[in-house]
Amino acid sequence: MPATPAWPPDSSPRLFADQVLGCGTQLRLDGAQAHYLLSVMRVKDGDTVRLFDDRTGEWRAVATQVRKRDLTLEVTDQLRDREIVPDLWLCIAPTKKGRIDWVIEKACELGVDRILPVLTRRTVVDRLNLDRLRAHAVEAAEQCGRTALPALAEPVKLSAMLRDWPAERTLFFADETGGVPAVEAMRSRPGPAAILIGPEGGFDAEERDLVRAHLGAIGVSLGPRILRADTAAAAAVTLWMAAAGDWRG
Ligand code: SAM
């Protein structure tokens, strides 16, 4: 069942709760989430807040015991089941802080199921703050209405990723030196998929040969211009969602 955005869009605040929710669940909130509800969204006693837990779906909750810095949310009923997002992975060589944050946010909004940071020879970033990136994914999910968070995997070396690659999953290798037009390739290979995006400096020749030689990989072109890695990631995911994902309606 593709994701079903709630129409008309519900303007009540929406938060991720990192626990299994159910009717009658009570959450006592303070800190950043309480600040957001009380000071930004001006939530009062009796107001509705939507919660999702990345396990059971989305729930309606009512604000009670609202105080200056904290409040309680009591879950009343379920609004939606947890969605099944399209089976797409984004494998991307980490770029600088602000840019990789943007990629995580866009990948979440666009419907990616799993994000895999890939370490290549020209990768400029060797350490990633996964907690910070997960926080970006949660924020994007809260905003775009997702009920399932994208999984964020530990970084892996390109060679190890290819060695352990699942046979049933097609790897669309975004190659700026040329390839099959991306939409054409994506339409012709339905099923579990992944998109591989290189670092700002690109893959070196040996890496390119290694990927191209991989049985599950197909080199795709994203047009005649050299895109920045984050642009290439957003463009490739968008094309896949339209060609093979849940944008086909
Ligand atoms: N090495 C390149 C250069 O400096 O000439 C640029 C690499 S590009 C900034 C980063 C990554 O985005 C590439 O490794 C590739 O995965 C993807 N990319 C950028 N433009 C592309 C295109 N026109 N077609 C396919 N992939 C592209």
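A charge sits over a ring if NZ of Lys or CZ of Arg is within 6 Å of the ring centre and within 35 degrees of the ring normal. The model shown is predicted: local features need pLDDT of at least 70, side-chain atom pairs count only at pLDDT 80 or more, and totals for chains, interfaces and linings use all residues. Residues are numbered from 1 along each chain as its sequence is written, and side-chain values use heavy atoms, with hydrogens and water left out.

**View 1. Two arginines sit over Trp89.** Arg114 lies over the face of Trp89, 4.4 Å from the ring centre. The charged end of Arg169 is placed 3.9 Å from the centre of the Trp89 ring.

**View 2. Phe16 and Phe52 form a tilted aromatic pair.** Rings of Phe, Tyr and Trp (its six-membered ring) pair if their centres lie within 6.5 Å; planes under 30 degrees apart count as stacked, over 60 as edge-to-face and the rest as tilted. By this rule there are three aromatic pairs. In one of them, Phe16 and Phe52 are 5.4 Å apart centre to centre, with 50° between the planes. The pair links distant parts of the chain: Phe16 belongs to strand β1 and Phe52 to strand β3, 36 residues apart. Helices (H or I, at least four residues) and strands (E, at least two) are DSSP runs, numbered from the N terminus. Phe16 has a relative accessible area of 13% and is buried; Phe52, at 0%, is also buried. Buried means under 20% relative accessible area, exposed over 50%, partly exposed in between (1.4 Å probe, protein chains only).

View 3. Trp89 is in strand β6 (residues 88-92). Trp165 is in the loop between α4 (158-163) and β10 (170-174), 76 residues away. Trp89 is buried at 14%, and Trp165 is buried at 10%.

**View 4. Helix α3 covers residues 130-144.** Its 15 residues reach 21 Å from first C-alpha to last, close to the 21 Å expected (1.5 Å times one less than the number of residues). Buried residues of α3 include Leu130, Leu133, Ala137 and Val138. The buried residues of α3 pack against β1 (14-16), α1 (31-40), β3 (48-52), α2 (97-110) and β8 (151-152), where contact means heavy atoms within 4.5 Å.

**View 5. The two ends of α3.** At the start, a side-chain oxygen of Asn129 comes to within 3.1 Å of the backbone nitrogen of Asp131. After the helix comes Gly145, with a positive phi near 90°.

Definitions and conventions:
Polar contact = N/O pair within 3.5 Å; in protein donor to acceptor, adjacent residues only side chain to side chain.
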